Amino acid sequence: MSGLAERLAGVRQRVADAAIAAARDPSQITLIAVGKTFPAEIVSEAVAAGAGDLGENRVQETVAKKPLVPPARWHLIGPLQRNKAKAAIETFDVIHTLDRQELADRLQTLLLEYHPESRLEVLLEINVGCESQKAGALPDEAEDLLRHALACDRLDVRGLMAIPPWGDDPEASRPYFRALRELRDDLQQIVQVPLPELSMGMSHDFEIAIAEGATMVRVGTAIFGHRG
């Protein structure tokens with residue numbers, strides 16, 4: 001195996017171990033290999049090694065890269081601007097960063113116009129740390145955003161996503177992961193719809209995220225190595 005394949009296998013084992021330690025089924029956790037800034041040939045190597053879900057931060061980068069990569073499920077995990085929304089729905093299978101009502105409306109309008117028979121899977125991005133420089137709806141805005149997104153019938157709202165405040169200690173992320181899970185649980189009770197997905201956890205803290213209920217973990221560096 002190449003170094004990348006070995007790293008991917010190692011991360012898969014760590015995901016499984018973390019799930020088992022939390023008395024969870026490893027098959028319930030989707031590992032998203034985040035290949036942002038890496039060229040198509042490297043991302044293709046990850047797919048060949050078994051990565052079925054790929055994460056990217058930028059729409060335009062993915063538009064260029066996707067045709068050169070074997071079939072996979074593509075996740076947008078970076079911010080989405082209105083002017084990139086049409087390209088995003090043509091390129092991604094899941095959008096993790098729906099963070100405002102205006103964007104929900106834009107996606108709904110585009111889907112009705114260009115893909116009237118399709119629904120797009122989305123997650124609501126929540127700014128769990130209430131950081132002014134970071135995207136995401138604030139926790140106290142989440143219910144209004146959820147209700148608005150649910151009213152857009154071309155959107156399939158699957159759950160919540162968050163990027164906690166950065167810290168060197170993975171344990172520092174735990175309270176934010178727990179807060180996202182608790183918010184999801186509260187929203188399910190309030191609106192009476194299932195929200196099965198929790199997208200949280202990256203290379204340095206995904207095991208903590210799994211312990212707190214993550215169903216999707218977004219891992220880049222631990223699979224692809226450090227970006228130049």
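Analyst: Here are some questions about helices in this predicted model.

User: What makes the length of helix 1 close to the expected one?

Analyst: Helix 1 covers residues 3–21, which is 19 residues. The expected span is 1.5 Å times one less than the number of residues. That gives 27 Å, and helix 1 reaches 27 Å from its first C-alpha to its last.

User: Which residues of helix 1 are called buried?

Analyst: They are Leu4, Ala5, Leu8, Val11, Val15, Ala16, Ala18 and Ala19. Buried means under 20% relative accessible area.

User: How do you know that the buried residues line one face of helix 1?

Analyst: Look down the axis of helix 1. The buried residues fall within an arc of 165 degrees, so they line one face. On the other side, Ile20 and Ala21 are exposed.

User: What do the buried residues of helix 1 pack against?

Analyst: Their partners are strand 1 (30–34), helix 2 (40–48), helix 8 (206–211), strand 8 (216–219) and helix 9 (221–224).

User: Which residues meet where helix 5 packs against helix 6?

Analyst: Gln101, Ala104 and Asp105 in helix 5 meet Asp144, Leu145 and His148 in helix 6. By type, the residues of this contact divide into two nonpolar, two polar and two charged.

Technical notes. Residues are numbered from 1 along each chain as its sequence is written. This is a predicted model: local features need pLDDT of at least 70, side-chain atom pairs count only at pLDDT 80 or more; totals for chains, interfaces and linings use all residues. Side-chain values use heavy atoms; hydrogens and water are left out. Helices (H or I, at least four residues) and strands (E, at least two) are DSSP runs, numbered from the N terminus. Buried means under 20% relative accessible area, exposed over 50%, partly exposed in between (1.4 Å probe, protein chains only). The arc is that of the directions from the helix axis to the C-beta atoms. Contact means heavy atoms within 4.5 Å. Ala, Val, Leu, Ile, Met, Phe, Trp, Tyr, Cys and Pro count as nonpolar, Asp, Glu, Lys and Arg as charged, and the others, Gly among them, as polar.
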